[in-house]
Structure formats: C-alpha cells, structure tokens
Amino acid sequence: MQAKDVKTADDARKLIKERDIKFVKIGIFDVDGIMRGKYMHRDKFLSALDSGFAFCDVVLGWDSNDQLYDKSEFTGWHTAYPDAPVRVIPESCRELPMEDDTVLFLGEFEGRAETVCPRGTLRRVLEKADAMGYDVSAACEFEFFLFEEDPHSVREKNYRNLKNITPGFYGYSMLRNSVHSEFYHDLLELGESMDFPIEGLHTETGPGVLEAAIGHDEALRAADKAALFKTFTKVLAQRAGWMATFMAKWSPDWPGQSGHMHVSIKGKDGRAAFYDANKPHNMSDEMRWFLGGQQKLMPELLSMVACTVNSYSRLIPGFWAPTTATWGVENRTTALRVIPGSAKSQRIEYRIAAADINPYIALSAAIGSGLWGIENKVEPGEMVVGNAYAQEFPEETTLPATLYEAAGRLRKSEAAKSLFGEEFVTHYAQSREWEEREFRKAITDWEMQRYFEII
C-alpha cells in the first residue's frame, strides 16, 4: 500500500501494519508557516487516529525564533501553556523518500485552538465556500534562492557575503539547469514522491534563484502541498550542502521572491463559475465580484499575505511586485492579474504575495475576500492598462507600508472578523505587531553606515 492511497484512519492502520512501521512522523504548521512536529511510536499513533493527541499550544504562542508573544490572549504565561488537542489527518499521508521505514502525516488543532490554527482557518473559509455552493481550486508558485552555505556558515558570516550557487542573472537558463540537473531532478522527484507535484521548474532572474510552480488542487490540499514544498525544499538543499531561502527579499541588489497564488471556483454542478464566454475577457459576474472583494479588502488583509517585516521591502515600484490594490488582464504590474482562457483555465493570480507566505493564511485571505465580494456583489475598480507603477490610483487602493500598520488594519477589519473569526484576527494581529516590535529592537547596517560618524 502506498501513502497516496491512504484516505481513512483504517487505511492508515493498514499501511503501518503492512510495512511494520515502528515510528511515524507527524507535523503541524504554526502561525508563521513553520512545520513543527515529532516522531511518534506506532502504538501511540494508532491510538491518535481514533482519539487525537495532545500538543503544547506554545507552538501557537511563539514566533519563528521560539520567542513568546507578549500580548497573546489565546495562550501565554497566564494560561500556563497547556496542551491542545490535535487530530490526525489520514489523507495527508506522505512518503518520506529521505527516510526509510516511516511516513509523514499532518495534524490540525481542535477545540479552542482550532480558532487560531492556520489550517483550521483555511478549512473554515472553504466551508463557507461550500455553503455558498462553490468548490475552490488553488495553486502556489514560489521563487527561492540557493546558496553554497550551511546553517553554521551563514551564522559565522553574520548573513553577509553569502555565496549563491550560480552568479549573474540567467532567467530560464538551460545552461544553469543542466549544470545542476541533479538537484533539479531530485526536487522534481521529491515533489512526485511527497505529493506536491511540480508543473514547472526553472531559473529566474538573479544569482542562484529558481521558480517552481506546484500543480493545482482543491484549495486545502493546495495549501498542504505549498507548505510541504517550502519545508522539504529546504531539507533537500541542506542535505545537498546548500541552503534555500524563501525570504521576500534577501538583498537590495536583486528582485524579491514571489509566492503568487492562483485561484478559481466551480459550482457544485461542475460549472466554471469564473467563466462566461459572453462577457469581456470571459469574466463572469461571479469572477468580477470575487475580484472586487479581493481588491477591496486587500489593504485590510495585507498582513495575512505580506506577513513579515521583510515582506514590505519587496513591495516597491519596478521590481516585479505590486504596490497598490489594482487589477489588470494579463498585467504583471498589478496586484491582481486576471488570466483569461477556457472554462478550465480562467483564474485570478494574487500577485501581492511573496515566497514568505504561510500558504494556509494567505489563501484564507485571497479566497475569503473573494467570497465576501460575491456575497456583497462588490464591483472592482477600473482595470489597469499598461504600467501600474507609472499611474496614480484612488486613495482606497493604497496598501499599508509596514507590517505594524497592516496588522492594525486587520485588527479593525469587520470583514476579517466575519470571515475568519474574531479570535483569529485578534491573535494573528498581535503576532504581527510583536514581529515588528522585535524588529525595532535591531540596529541595522543601514543605520550604522548612515549615522555612526556624521550625526
């Protein structure tokens, strides 16, 4: 029996017994999209398939550096960081090609913890879509830089003068991907083995930067695939003696790294809800309203997509990243790109996103805002033709300039509270405000160079 054949708890039991697996790996994705987990003895895991298991809720109460949030209402010293219930997701079973005699399962928080769980949040958004009569499909694509470094060397160098695996630009280079073909094939095979199949993989513009497009799927599974892709691309790189980064912008000298999301919806009868051959650009009324909701709420939900301090270093004119909540048809200078095509391919690309996204939370924002648009029949603003960087737009399309400002907009958003729940909004907003406060403690190289002598 193969991991991809596991759909139920009984299937999981069968696979583990057939292979005589003694230890199972189980993981959960935290607020920053970081995979936390452990090995679990088969006896405990088989029991967990029926009754779940407990996981300390601190993983929802700390940051990417394991530092505890100081203003979390959900958990903290005031709650004494209790265990929270977690359910095993049998159908998430994956092979682990790098490890013999084990498999990987994902988990999802239950109970009160479900209200702030990233995967649980996306699932609730998709339940809303289901109630509205829609099935949602999605796909993510990521750019990431590769370095001839390891976790020790980057720290010894203080993250300066890092050596990329290749120099220069060379987007879509057949030379580069042929020289390093072993890594490309290893990554492509890993995607097949672990069920995050990669539709396309190529070099992008910059030293040692690649772009991978992950195949589309039902939106929750698409988020699983995206989150696993990011995690295990890093694993594969480090096992090869390299490092991969998914920062939004690691250097001022090169474009940032995108994490674009593609979204489409169908009716329960299989109808392509975004497609109407009798409308301009084949855009149905539902697609137009979905787009309108995404555009309208983007300034309020930006922190759910641009989720790190570094995200805002990418959102500058002229570097292939949008700077206002705009839309266009086949326009890569706008935040939302309508991609017209057949009933099968008609979709929206949410281009504001960088590679640093938590796929569960970012897709919650992209899909939730669109559903809100359909509910309220929100008309989008005027379509942008040409270079959006060179045009001026209404004040309401202006995006927050910092993570702290974006978190404040989210905290006040009534639409966000109705879509994701007040407990999620409160918890997530405080986590982003904490992130910016942590950044404010740092003294940057720019400050030293600018002020040390002259001020």
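This is a predicted model: local features need pLDDT of at least 70, side-chain atom pairs count only at pLDDT 80 or more; totals for chains, interfaces and linings use all residues.

Biologist: At what angle do α8 and α11 pack?
Modeller: Helix α8 (residues 285–305) and helix α11 (residues 403–412) meet at about 120°, and their axes are 7 Å apart. The two helices are therefore oblique to each other.

Biologist: Is the crossing of α8 and α11 left-handed or right-handed?
Modeller: It is left-handed. On the α8 side the contact is made by Pro299, Glu300, Leu301, Leu302, Ser303 and Met304, and on the α11 side by Leu403, Ala406, Ala407, Arg409 and Leu410.

Biologist: How many residues of each class are in that contact of α8 with α11?
Modeller: There are eight nonpolar residues, one polar residue and two charged residues.

Biologist: Now α10. How far apart are the axes of α8 and α10?
Modeller: They are 6 Å apart, and α8 packs against α10 (residues 359–376) at an angle of about 135°. This pair is therefore oblique as well. The crossing of α8 and α10 is right-handed.

Biologist: Which residues make the contact?
Modeller: From α8 they include Trp289, Phe290, Gly293, Leu297, Leu301 and Met304, and from α10 they include Ile361, Ala365, Ile367, Leu371, Trp372 and Ile374.

Biologist: Changing topic: where does His260 lie?
Modeller: His260 is in the loop between β10 (243–245) and β11 (261–267).

Biologist: Is His260 buried or exposed, and why?
Modeller: His260 counts as buried because its relative accessibility is 5%, and the cut-off for buried is under 20%.

Biologist: What does its side chain make a polar contact with?
Modeller: The side chain of His260 makes a polar contact with that of Arg351, at 3.4 Å. Beyond four places away in sequence, His260 touches Ala139, Cys140, Glu141, Arg314, Glu349, Tyr350, Arg351 and Ala353.

Biologist: And Thr233, which helix is that in?
Modeller: Thr233 lies in helix α7 (residues 219–239). Thr233 is buried, with a relative accessible area of 0%.

Biologist: Which backbone oxygen lies 2.7 Å from a polar atom of the Thr233 side chain?
Modeller: That of Phe229.

Biologist: Which residues is Thr233 in contact with, leaving aside neighbours within four places in sequence?
Modeller: Thr233 is in contact with Phe144, Leu187, Ala244 and Phe246.

How values were computed:
Residues are numbered from 1 along each chain as its sequence is written. Side-chain values use heavy atoms; hydrogens and water are left out. Axes are lines fitted to C-alpha atoms, for helices over the stretch in contact, and angles run from 0 to 180 degrees between N-to-C directions. Helices (H or I, at least four residues) and strands (E, at least two) are DSSP runs, numbered from the N terminus. Angles under 35 degrees count as roughly parallel, over 145 as roughly antiparallel, 65 to 115 as roughly perpendicular and the rest as oblique. A crossing is left-handed if the near helix is turned anticlockwise from the far one by less than a right angle, and right-handed if clockwise. Contact means heavy atoms within 4.5 Å. Ala, Val, Leu, Ile, Met, Phe, Trp, Tyr, Cys and Pro count as nonpolar, Asp, Glu, Lys and Arg as charged, and the others, Gly among them, as polar. Buried means under 20% relative accessible area, exposed over 50%, partly exposed in between (1.4 Å probe, protein chains only). A polar contact is a pair of N or O atoms within 3.5 Å; within protein, one must be able to donate a hydrogen and the other to accept it, and residues adjacent in sequence count only if both atoms are side-chain atoms.
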